[in-house]
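Biologist: I should like to go through this model with you step by step. May I begin with the terms we shall need?

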Amino acid sequence: MRLFKDYIARKVMVFLTVMPGLLVFLMFVGLFQKSKAILAVKSFSELFLHSSWHPFSGEFGLLPFLMGTLWVTMVAMVLAVPISLLTAIYLSEYAPKLVREFTKPIVDLLAGIPSVVYGVWGVLLIVPLIGRHVAPVFGIYSSGYCVLSGGVVLAVMIFPTIIHVSLEVFSSVEYGLRETSLSLGATKWETVKHVVLRKGLQGIIAAVVLGLSRAFGETMAVLMVVGNVPKLPKSIFDAAYPLPALLANNYGEMMSVPLYDSALMLAALILLIVVLFFNILARFFLVRAERKAE
Amino acid sequence: MTGRRKIEENIFKTLMVVSTGVVIGCLLLIVGAIIVKSLPALKLSMITQTPKGGYYLGKEGGILNAIIGSLYLASGATLLALLLSLPIVLFLNLYAKKTSAFSTFTRFSLDVLWGIPSIVYGAFGFVIMVFLGLRASLLAGIVTVTLLELPIMARAMDEVIRMVPGALRDASYSLGATRLETALKVVVRQCLPGILTAVLIAFGRGIGDAASVIFTAGFSDRIPASLLQPAATLPLAIFFQLGTPFPEVQQRAYASAAVLTGIILLISLASRILIKKYARHTIR
């Protein structure tokens, strides 16, 4: 009887364990099925290289949304990568124990804050700050609902991802190496620069790529601060309309217009493919980093 | 020469301290700004009443429907996700061989799932919903959020269960216990604090996520009475209130954001206390 229970449990477990792999596949197939309708009637260039988005007259140029996503993600990465890497180095190499114990929970809390709350914060602080104080410095008028605001909010959101992964990478660099470098007369920073960073390079790339894919798919917070105008942004003070925001904003009316839902599911499919690509890339680097550390 | 090296060291050290300050400052700024801005609108009626007619035009009421809706949704999804992910994690750690291609692939899939943006889960949930002929409802929302929470929970539990010393399992086997008995009575008990933490992390994620339920849970001013009714969620309520042109309703969005942040902080505090409390019972 006990063995029988064990046997049944085993079968159930195997069945469930197949699920995660299957789920990735199912998501891909499901979204692809839905976007087939539009892929069948529109050419590739019409969908991805045109910037006119008028679903009601049957024009589905996704370019403004692709560019919007790219701009916002780029700004976020430029801001987030140096700050979070420097923080991670500080926490792992320099910080006294007390500071480390104090900062780690804060990073965890940042990771736990819901994206809508980030959005509210962006509307409260970042948008007015950029509209009233930053843009005028450059002599540009901006409402503040722009690429830069989106980038700033996103950057804060991906701090935890990059800090977390890099901290893990730095802690896998063995102590002996640091000691050797220090005993040869290198300063602490030189040790970090030439030993820790070089040894951890693959892992750092993985951390950055993971941050990138997080930024790429983030929806609500960005949606609330970037302005959502389907035009190609020309500067970081222009409004943009990222791909995830397009999806979230239009679910209500998409059923009534022909091909509209198909176009949106195509947008979701693009997001899925890009994120899958980034994730696989990051895992690849992480695995190599692990092997190097061993 | 030595001077220049010293200067470089100091420049970078300063930059690092500044960066760390920025990261810490951001959390303080977020929590601070939301608390300060929400104070004028933060009334008890916010969390004890459902919206009266015209709430979104500035009339009386509260967001109880969204709070309850979010709790229903996140609890249902967390329970389902636990039922699905616990067997997966137990299988990976107790049954499958450590280096088998199957378990490597499953872990990899979980990592990939973890990275998929919630809006894509939303779209996928919508596809399933249409496929099954369901309407936007609490049930459809729960299914979607379950998928979203599954990888978060499974990965977190995997980390914990992996740490169980092999000797403990061997001892259990040698007493004649089957794998299942070892899994449930030894490993799960040993990992209880870790499992609870994983559950709380996933719950927090579920309660705060808006993008995945925007398609599937619908929105309603009433507290859902059955699984097939649409349910309001707190993040969406915040979003809709902020989107209105009325300043007093926007104020309420800030207040709702403060409520949501409060819930999240409570959950994270609870998980910290749980870890401390249960850590006594585990064998190291």
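Modeller: A residue is called buried when its relative accessible area is under 20%. Please keep in mind that this is a predicted model.

Biologist: How many of the 15 residues of helix 5 of chain B are buried?

Modeller: The buried residues of this helix include B:S118, B:I119 and B:V120. B:F126, B:V127 and B:M129 are also among them. Helix 5 of chain B is therefore described as mostly covered under the 20% limit, and the count of buried residues is 11 of 15.

Biologist: What distance should helix 5 of chain B span, and how far apart are its end C-alpha atoms?

Modeller: Helix 5 of chain B covers residues 118-132, which is 15 residues. The expected span is 1.5 Å times one less than the number of residues, so this helix should span 21 Å. The expected span agrees with the distance between the end C-alpha atoms, which is 21 Å.

Biologist: Which residue follows helix 5 of chain B?

Modeller: The residue in question has a positive phi, near 75°. It is B:G133.

Biologist: How many residues of helix 10 of chain B are buried?

Modeller: Helix 10 of chain B runs over residues 234-243 and is mostly covered. Its buried residues include B:L234, B:P235 and B:F239, as well as B:Q241. The count is 8 of 10.

Biologist: What is the area buried between chain A and chain B?

Modeller: The size of an interface is often given as the accessible area lost when the parts come together. Here 81 residues of chain A are in contact with 77 residues of chain B. Carbon and sulfur atoms give 80% of the buried area, and the total is about 7,200 Å².

Biologist: Which residue of chain B forms a salt bridge with A:R2?

Modeller: Between chain A and chain B there are 5 salt bridges. In the one formed by A:R2, the closest N and O atoms are 2.7 Å apart, within the 4 Å limit. The partner is B:E181.

Biologist: Which helix gives the most to the side of chain A that touches chain B?

Modeller: By class, that side of chain A has 57 nonpolar, 13 polar and 11 charged residues. The helix that gives the most to it covers residues 2-41 and supplies 21 residues. It is helix 1 of chain A.

Biologist: What percentage of the residues of chain A count as buried?

Modeller: Chain A has 12 helices and 2 strands. Its C-alpha atoms fill a box of roughly 75 × 70 × 35 Å along the principal axes. Of its 294 residues, the share that counts as buried is 55%.

Note on methods. Residues numbered from 1 in each chain as written. Chains lettered and ligands numbered in written order. Predicted model: local features only at pLDDT ≥ 70, side-chain atom pairs only at ≥ 80, totals over all residues. Heavy atoms only, no water. Contact = heavy atoms within 4.5 Å. Buried area = accessible area lost by both parts, 1.4 Å probe. Salt bridge = Lys/Arg side-chain N within 4 Å of Asp/Glu carboxyl O. Helix = DSSP H or I, 4+ residues; strand = E, 2+ residues; numbered from the N terminus. Nonpolar A, V, L, I, M, F, W, Y, C, P; charged D, E, K, R; others polar. Buried < 20%, exposed > 50% of the residue type's maximum accessible area, 1.4 Å probe, protein only.
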